[in-house]
Amino acid sequence: MNSCCSGLFVSIFLSLMSATQVQALGSKQWNGEGTSLNLESIVTGRCYDYIQTVNPTVRNKNCSAIWEALKQAFVYKDPCSVLPSDYELLINLTLHEIPPNKSLFWENNKHLVHKYANKGLHYMPLGDSLTGWIVDNLNWCGKPNGSGIDYISCPTTEECEHNPVESFWRIASVTYAKQSSGVIHTMLNGSALGGAFPNNSFFADYELPNFQKDCVSHFEIWVMDDIEGADLPVRILQCVDFPSHPECAIPSDSSIIKPWMTLFLPLLITINHGQMCFG
């Protein structure tokens, strides 16, 4: 049996096994999804895509070394013992300038944020920097035996705090906040359960405390609701996705025109905070 067929057989065999049987082979069954298949190909492919087409101003990045740095952080390791510091090499290899006034932070509205940012053309949220781009929406974790990578399951943050994905996004968020300068934009979801600004969140815990006050001129905070909500920001983008929604219909009676149809600018809450920093 050749290696390709052998690998396929093993994958099918493991997918049919019960949690008890998997544990018997030395792999704990976690509640989260396993490592994304073809992780190496996806990460290196995204890396080349970013530096060649998405943001060609980011040059001289070694995509093979970037993958090796990611692998080094979690492969053959206990998936509950991966710390943010384990990703320092990866962060250094993917680091590049975040243009002043283009940082965009968010809570509970990722899809809308990335549509609004338009792959860095309008703004550059963390997921549109090279650091976030290469692993966005992927999952990964290791195990101390076998191939060193667990494709069956990975721990959630509820199961253990220091899991590979959680630790990566923590150090990535801290670094992104420290790099941000000029006007800091933040998009919050006014329709989210628990309010627009939850106490326990990446923005509150890892980003807000790490802004460099001498590099920030002020904050612009956009509070938006779901499409039928009361807040106005980014309604036009929402209506691009949901043109048939009643809130997006252009009425024949001009006396009942929706407020967003005549107000295109987001609600801005400006907070003076320090001086601009371009260094």
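**Exercise 1. Identify the residues with the most contacts inside the largest nonpolar core of this predicted model, and the elements that build the core.**

Solution. The largest nonpolar core has 45 residues. Within this core, Leu70, Phe74, Tyr87, Trp140 and Phe168 have the most contacts. Two or more residues come from each of helices H3 (39-54), H4 (63-74), H5 (88-94), H7 (130-133) and H8 (164-179), and from strands S4 (182-189) and S5 (216-224). A second, separate core has eight residues, among them Leu104, Leu112, Val113 and Trp222.

**Exercise 2. List residues that Phe74 touches, leaving out those up to four places away in sequence.**

Solution. The partners of Phe74 include Leu39, Val82, Tyr87, Trp140, Cys141, Gly142, Gly148, Ile149 and Pro164.

**Exercise 3. Determine the handedness of the disulfide between Cys47 and Cys63, and what the pair ties together.**

Solution. The S to S distance is 2.1 Å. The torsion about the S-S bond is about -80°, so the disulfide is left-handed. Cys47 lies in helix H3 and Cys63 in helix H4, so the pair ties together parts 16 residues apart in sequence. Both Cys47 and Cys63 are buried.

**Exercise 4. Locate the two ends of the disulfide between Cys141 and Cys154.**

Solution. The sulfur atoms of Cys141 and Cys154 are 2.1 Å apart. Cys141 is in the loop between H7 and S3, and Cys154 is in strand S3, 13 residues apart. Cys141 counts as buried at 0% relative accessibility, and Cys154 counts as buried at 2%.

Notes: Residues numbered from 1 in each chain as written. Predicted model: local features only at pLDDT ≥ 70, side-chain atom pairs only at ≥ 80, totals over all residues. Heavy atoms only, no water. Core = buried A, V, L, I, M, F, W, Y, C linked by side-chain atoms within 4.5 Å. Buried < 20%, exposed > 50% of the residue type's maximum accessible area, 1.4 Å probe, protein only. Helix = DSSP H or I, 4+ residues; strand = E, 2+ residues; numbered from the N terminus. Contact = heavy atoms within 4.5 Å. Disulfide = S-S within 2.5 Å.
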